[in-house]
Every structure is written in C-alpha cells, then in structure tokens.
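Have a look at the picture first, and then we'll go through some parts together.

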Amino acid sequence: MPATTTVPAGPTVGGHHAHGWRIVAALAVTSTVGYGVLYYAYAVLLAPMASTLGVSTTAVTGALTASVLAGALTAIPVGRWLDHHGGRALMTAGSLAATALLVAWSQVHTISQLYAVMTGIGITSAMVLYEPAFAVIVSWFTPDRRTTALLAVTVVAGFASTIFMPLTGLLEAHLGWRDTLLVLAAIHGLLTVPLHALAVRRQRRRHPPAPRGPGTPSGARSPPPRCATPGSGSSPAASSPTAPPPAP
C-alpha cells in the first residue's frame, strides 16, 4: 500500500488569508469614498455649478456623461495592467490623480474646463472603483470565498450615496460648491491614497509539494505532468489549471 504525505494547510487554503480580509476592509472604505466623492457628489453640486458657470443644468449633466464614457474606454487598458502588475500601483496612482482633479474641479470657470476635468475623473474612476477592486479580491480568494468578499465590498460601498450626498449638501450650504470640493478632495486623498498604497498587495501563489511514494528518493524531483494523448482517458483541460472567473 503506497505511503502518503500530509501537507499542512497554508495560510491561503480555503481563502482564509488574513491579509486578504484586510484588503477587503480597505477596499470597502475606498470604494465608498470613491463613489461618494467622484460620482454621487456631482448630483448635489450640479445646480450651483450651473448657476456659477452661467450654463444650463443639461450642459453640466453632459460633463458627467463624458466622465462615464471616459471610464468605460479606460476599462480595457486598466484590465490589462491588472493582469500583469496587480492593483497596488494602479489604484494608488489613480487615487492621487483623482484627488488632484478634485482640486482642479473646484477651480473651473468655463464649461469646457468642467468637461476636461470630468473626463479625467472618469479615467481615474476606472482605476480606483469597483472594477480594479473586484479584480484584486478575486486574485486573493478561492472560489468558495470570493462571493462573500465581493459582497462585503458591495454592501459597504452601497452606503456611498447615503453618506456623501447629505454631507455634500451640508458642506455646499455653508461653504459653497468650490470649497466643498476642496474638503471632499482632502477626505478622498487622506483615506484612499494610504489604504491603496499600504493594504493592496499582489497575491503570491503557493503550490504544496507533491506527495512522495515509498520508492521515491528523498532528493528526487517529481516527474513533470504527462501530456494527454488520444485514447489515454484524460484531457488537457482536466490536468491544467483554469483561470479564475471574472469578478461580477
């Protein structure tokens, strides 16, 4: 009867890696702040901006549409970067750029300047919101734990409008929309930049050693996996790892 070797469970087995859950907590906070400041605050500031810039609310609304379209076009290169480099540098740079653009937003004086700033905010949004956050989480968790981790971020970030729309309205009533954006920029920068820089990491895959049989010398290496041949009863798909499913 062949002997088997028991391999102790590593810290990532079953998706229970402690740092993975710290990443979930950090991304829940940054997604909430990101959506609240970069997206939901716009609806509150729309009328005051239109009044100051001397344009219609329809024209100001178009700037948000431009932001959404810019984010959609940026999603493809963002996805390629995440596949090759992970999310830490991308999300940190996106947070810094978004914070700078919020300051620039507070200083616009023409509708064309608003469109330019909002296009930039759309690009940075693709670098810091759900899509990259979900990609990072998927890389850290096994399939049986991914749903819980993704749901946690989604539920927490769902309170973005509940938190930031009243906050933005309160700030605008007392400070005006320009100073409100400066306060929101400070909140965004102080929370999202350090959390993305310090918490987000790229998962390092660990493969346990193959068990040795009784006739295998202690220093011998396991033979490479045999390629499937017609009639062998196995298929390449059954013996090769599959890529994780995309984040919802």
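In which helix is M127 found? M127 belongs to helix 4, which covers residues 111-128.

Before going further, a word on what you're looking at. This is a predicted model, where local features need pLDDT of at least 70, side-chain atom pairs count only at pLDDT 80 or more, and totals for chains, interfaces and linings use all residues. Residues are numbered from 1 along each chain as its sequence is written, and side-chain values use heavy atoms, with hydrogens and water left out.

**The overall picture**

The chain has nine helices and zero strands. Here, helices (H or I, at least four residues) and strands (E, at least two) are DSSP runs, numbered from the N terminus. Read from that end, the elements go α-α-α-α-α-α-α-α-α. Of the 248 residues in the chain, 38% are buried. Buried means under 20% relative accessible area, exposed means over 50%, and partly exposed is in between (1.4 Å probe, protein chains only).

**Helix 4 and beyond**

Back to M127: its relative accessibility is 15%, so M127 counts as buried. Helix 4 also holds Y115, and Y115 is partly exposed because its relative accessible area is 29%. Over in helix 8 sits I187, which counts as partly exposed because its relative accessibility is 25%. V200 lies in the loop between helix 8 (177-199) and helix 9 (236-239). With a relative accessible area of 0%, V200 is buried.

Each of these residues has a partner from another part of the sequence. Here are the pairs, with distances taken from C-alpha to C-alpha:

| Pair | Apart in sequence | Apart in space |
|---|---|---|
| M127 and G71 | 56 residues | 8.5 Å |
| I187 and V33 | 154 residues | 8.0 Å |
| V200 and V24 | 176 residues | 9.1 Å |

**Two helices crossing**

How do helix 1 and helix 6 cross? The axes of helix 1 (residues 18-53) and helix 6 come within 8 Å and cross at roughly 30°. That's why helix 1 is roughly parallel to helix 6. Axes are lines fitted to C-alpha atoms, for helices over the stretch in contact, and angles run from 0 to 180 degrees between N-to-C directions. Angles under 35 degrees count as roughly parallel, over 145 as roughly antiparallel, 65 to 115 as roughly perpendicular, and the rest as oblique.

**A residue of helix 6**

Helix 6 (residues 143-157) is also where you'll find V155. V155 counts as partly exposed because its relative accessibility is 45%.
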